[in-house]
2 protein chains.
Amino acid sequence: MAQKPSIPKGTRDFSPVEMARRNYIFNTIREVFYLYGFQQIETPSMENLSTLMGKYGDEGDKLLFKIQNSGDYFKGLTDEELLSRNAPKLASKFCEKGLRYDLTVPFARFVVMHRDEIAFPFKRFQIQPVWRADRPQKGRYREFYQCDADVVGSDSLLNEVELIQMIDTVFQKFGVRVCIKMNNRKILSGLAEMIGQADKIVDITVAIDKLDKIGLDNVNAELAEKGIPQESIQKLQPVIMLSGSNEEKLATLKEVLAGTETGLKGIEECEYILNIVKAMGGTKNELELDLTLARGLNYYTGAIFEVKALDVEIGSISGGGRYDNLTGVFGMPGVSGVGISFGADRIYDVLNQLDLYPKEAVNSTKLLFVNFGEAEAAFSMKVMAQARQAGINAEVFPDNTKMKKQMAYANAKQIPFVAIVGESELQEQKLTLKNMTTGEQQLVTPEELVSAVKAC
Amino acid sequence: MAQKPSIPKGTRDFSPVEMARRNYIFNTIREVFYLYGFQQIETPSMENLSTLMGKYGDEGDKLLFKIQNSGDYFKGLTDEELLSRNAPKLASKFCEKGLRYDLTVPFARFVVMHRDEIAFPFKRFQIQPVWRADRPQKGRYREFYQCDADVVGSDSLLNEVELIQMIDTVFQKFGVRVCIKMNNRKILSGLAEMIGQADKIVDITVAIDKLDKIGLDNVNAELAEKGIPQESIQKLQPVIMLSGSNEEKLATLKEVLAGTETGLKGIEECEYILNIVKAMGGTKNELELDLTLARGLNYYTGAIFEVKALDVEIGSISGGGRYDNLTGVFGMPGVSGVGISFGADRIYDVLNQLDLYPKEAVNSTKLLFVNFGEAEAAFSMKVMAQARQAGINAEVFPDNTKMKKQMAYANAKQIPFVAIVGESELQEQKLTLKNMTTGEQQLVTPEELVSAVKAC
């Protein structure tokens, strides 16, 4: 019996138009990655669960898609275990493999497995889908692409500079105005240390982040609520009210953090990075020191980056930072790295909203030959071969059906040129070329047709 | 504790060099698909098991990778069912989703779901991985890419002509000499009908296929062994010994199959296709009518295609054909289609063996700036910005380490140009440009450097 087909919730089909736009995004990012000396790798969609489990916290373990073992997946399970119905515990008995949850853990695994073949510093990029068994909602999918670029095996802050420039270049190419925000984990640590609240970093940054929305008094109230003593809150005031240029912010921080070695180190790193970026001529997009940036706080150890679109209300569209122990969990300590991840789905939403796709990005058929019968089609196909030889994406309508249907096909596919060969054209060995945008028609020779379409 | 990481058997990591080569293959095929008017779609990696099960035979069902339901996957299962340990039967209780096994079934599902948005005839291509829980062996993987192009919603044989030309174009671009083999299911049906052995088509084609290896007597013996009566075998002799040009073969077949309507229809189709291809100027690669071609016999209803590489011993590297009921199983009858699938992994092996990758296909860094310290690096980075502006893939070595290590890095990444800025270069605001292929060095201005590298 016929089924009414559907796809799993949280997954998507991509139509030709959507694919053309997505390809434009991926190609643009990929080109910039190459321009900055990054090389592409790919890892398998499936990893051993032993590689994935425990890397994303308990919540992450639950969100892994697990693949049932082939053959007798009951093997090795006692009746007692089965009847316990302990789903989380037995998952690793039924399943040895899972779909990758991000590109970072597979990359760490890759670096360790291929350490002897890799020329360090390793500048790799990776554009692949990842899967998460999250509750699907608007803008959140169970299968989505990540575009990551990382440099591992180098401590140099020039890598941070390069990443900032690369982010700047990507969004210039897209024509999207963004603010590149930078913070440093060491400054946040210094801050918490300075007020004697090292364990409250997250609470502090979350509260400070609300200044614009709820005002100073409410921020201070929230800090008190989180158990931070009044004395510490008092010390934080210059940081909460931090404003001005990056230089002014750093000057204030230098005073506030004068007593903490870690904090001063963080300030020094920020200054170094900002100075070099400036010496290189600066960024086209805004580059802003933002102490409220705390993404991946447990993970990042130095610079933290985030990119916000200026003309569209949407969360962060890229983010990254410096980490110090990517591969330690796989037995290879001391590998420092810094990376950036571009959020392809959100960038897609931004480009859609701002309608920023270049016309030629929708890489489709440029020329359709209408089909009026065998002899006419045969002549058309010879001309079509010449057009393709000249690099023109071309097709002939395969069936000799009504003109109206064929023109509707050209419109649906947004084909800009249609070539018509009827009886009289065939006799003259010419074609009527119709410009679908202007409606203009002209009778041309095959050579004229090819050069006319080629020129547009 | 540190784990020693590994990847699931039958899966692969792709290194930067492998990725560059694979991208060259995919990009080449994609460009030709566009040239012929095909548009790309993508479908989710996971499909509902109800979409996949029963489409690939019992063996195929076993080879599906199934994804364990999230949360309490024991829900709805009785103790009795659990203790039955009936793995195949319970799979659909533990799992609602599976990884796609090919691109054809998801495509059929796509056509049915999006029928109202699609402009028919729908010329779609799809380049995505598929997964099969097959026993891994040399050249057979559990995750591999398929590259499919199909036209659905058109009966016209011009589609077959176009596919043949497209195959011809793809392998011309690769520089690989191939034989494009064509058969027609209707001829095979007519043949079996003619000798009164309609159910033995596969046995017959398999036996005929061995003529070159085992000789006529053994072929006839094998046919007899399969239960085909002597009288029928006698009738088959002209077909087994079929040789000569395509025209000669068709002439022989016309005589042999004179009494079967289906057979004659198949001959007519082949003649029509071959005639138009010829009228268009023929193919650069050999195009051969081959009656032993029987791939997907239960699936194809008209033309059958297969491509063999001429200079490498390897199985078929592409294949396809005409099918008449792609979407019937999903409740949309009468959709005819014809398609071709390029075997990316085998094409990769062929290009490797024949060493046919163009140099520029390995799209890597073209220019490395050696790092001799802060001031030198700052000057280098300014020049690097100019180089990138000119479209040159460039990078600076991020750490100020030994020259030897930096040059080793350039060699490992096969970077063709290295720019060196030491104290004296810095003073002159010039750079020493080293050609890593010839070993030549010259002192140049930033502008000279950019145009010298750009020109190569």
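This is a predicted model: local features need pLDDT of at least 70, side-chain atom pairs count only at pLDDT 80 or more; totals for chains, interfaces and linings use all residues.
Which residue does I67(A) stand opposite in β4(A)? I67(A) faces K97(A).

**Entry: the strands around β4(A)**

I placed the strand next. β4 of chain A runs over residues 95-99. I checked its burial: four of the five residues are buried, so I noted β4(A) as mostly covered, taking buried as under 20% relative accessible area.

I then looked up its pairing partners. Strand β3 of chain A, residues 66-68, pairs with β4(A) in the antiparallel sense. I found three bridges for that pair. Strand β2 of chain A, residues 46-48, also pairs with β4(A), antiparallel and over three bridges.

**Entry: chain A against chain B**

I moved on to the contact between the chains. Chain B puts in 108 residues, and chain A puts in 108 residues. I read a buried area of about 9000 Å² between the two chains. Carbon and sulfur atoms hold 58% of that area.

I turned to charges. I logged eight salt bridges between chain B and chain A. I picked out one pair: the side chains of R85(B) and D79(A) form a salt bridge at 2.9 Å, N to O. For polar contacts I noted 44 residue pairs between chain B and chain A, both residues at pLDDT 80 or more.

Which helix gives the largest share of the side of chain B that touches chain A? I found helix α15 of chain B, residues 374-389, with seven residues.

Note on methods:
Residues are numbered from 1 along each chain as its sequence is written. Chains are lettered from A and ligands numbered from 1 in the order in which they are written. Side-chain values use heavy atoms; hydrogens and water are left out. Buried means under 20% relative accessible area, exposed over 50%, partly exposed in between (1.4 Å probe, protein chains only). Helices (H or I, at least four residues) and strands (E, at least two) are DSSP runs, numbered from the N terminus. Two strands pair if DSSP finds at least two bridges between them. Contact means heavy atoms within 4.5 Å. Buried area is the accessible area (1.4 Å probe) that two parts lose on being put together, summed over both. A salt bridge is a side-chain nitrogen of Lys or Arg within 4 Å of a carboxyl oxygen of Asp or Glu. A polar contact is a pair of N or O atoms within 3.5 Å; within protein, one must be able to donate a hydrogen and the other to accept it, and residues adjacent in sequence count only if both atoms are side-chain atoms.
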